[in-house]
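Subject: A structure to look through

Dear colleague,

I am passing on a structure that I would like you to read through slowly, with the sequence beside it. My notes follow below it.

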Amino acid sequence: MAGLIPRPFIDELINSTDIVELIDGYVPLKKQGSSYVACCPFHHEKTPSFNVVAKRQFYYCFGCGASGNAISFIMNHLSQDFVDAVEILATRLGMEVPREGGTSII
């Protein structure tokens, strides 16, 4: 389906996704202080340097520098493009991705 995905929908999708639950489904997280930690899924390591901060809906790896939100995690971990990552997250939440007129896709 062609058309732009409205920015307000993308923001709502990110805010509605529990990033800890999402990432924990792929990488077992352990609570440490106000964040969650794990060995990074993007590079090989022996000690955890991958941090997920639920309050900010954000992840960051102190080892390799990987960082982002729920959409970028799906893109990087599952090798998906932006639109497919948005579709995956929307499906998880039971949301339908709206499209605006035009042929470009955000």
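How many bridges join E4 to strand E5 (residues 67–68)? There are 2 bridges between them, and the two strands run antiparallel. Please keep in mind that this is a predicted model, in which local features need pLDDT of at least 70 and side-chain atom pairs count only at pLDDT 80 or more, while totals for chains, interfaces and linings use all residues. Residues are numbered from 1 along each chain as its sequence is written, and side-chain values use heavy atoms, with hydrogens and water left out.

The strands

Helices (H or I, at least four residues) and strands (E, at least two) are DSSP runs, numbered from the N terminus, and two strands pair if DSSP finds at least two bridges between them. Strand E3 (residues 50–53) is joined to E4 by 4 bridges, and these two strands also run antiparallel. Within E4, Tyr60 is the bridge partner of Asn51, whereas Tyr59 has its bridge partner, Gly68, in E5. Strand E4 (residues 58–61) has a covered face, made of Tyr59 and Cys61, and an uncovered one, made of Phe58 and Tyr60. The hairpin of E3 and E4 has 4 residues between the strands, and there Gln57 takes a positive phi near 55 degrees; in the hairpin of E4 and E5, with 5 residues between the strands, Gly65 takes a positive phi near 85 degrees.

The salt bridges

Side chains of opposite charge can pair when their charged atoms come close. A salt bridge here is a side-chain nitrogen of Lys or Arg within 4 Å of a carboxyl oxygen of Asp or Glu, and the structure holds 3 of them.

One joins Arg7 to Asp11, with the closest N and O atoms 3.0 Å apart; both residues lie in helix H1 (residues 7–16), 4 residues apart, which is about one turn of the helix. For accessibility, buried means under 20% relative accessible area, exposed over 50%, and partly exposed in between (1.4 Å probe, protein chains only). Arg7, at 49%, counts as partly exposed, and Asp11, at 33%, counts as partly exposed as well.

Another joins Arg92 to Glu21, the closest N and O atoms being 3.8 Å apart. Arg92 lies in helix H4 (residues 82–93) and Glu21 in helix H2 (residues 19–24), so this pair ties together parts that are 71 residues apart in sequence. Arg92 is partly exposed at 43%, while Glu21 counts as exposed at 51%.

Best wishes
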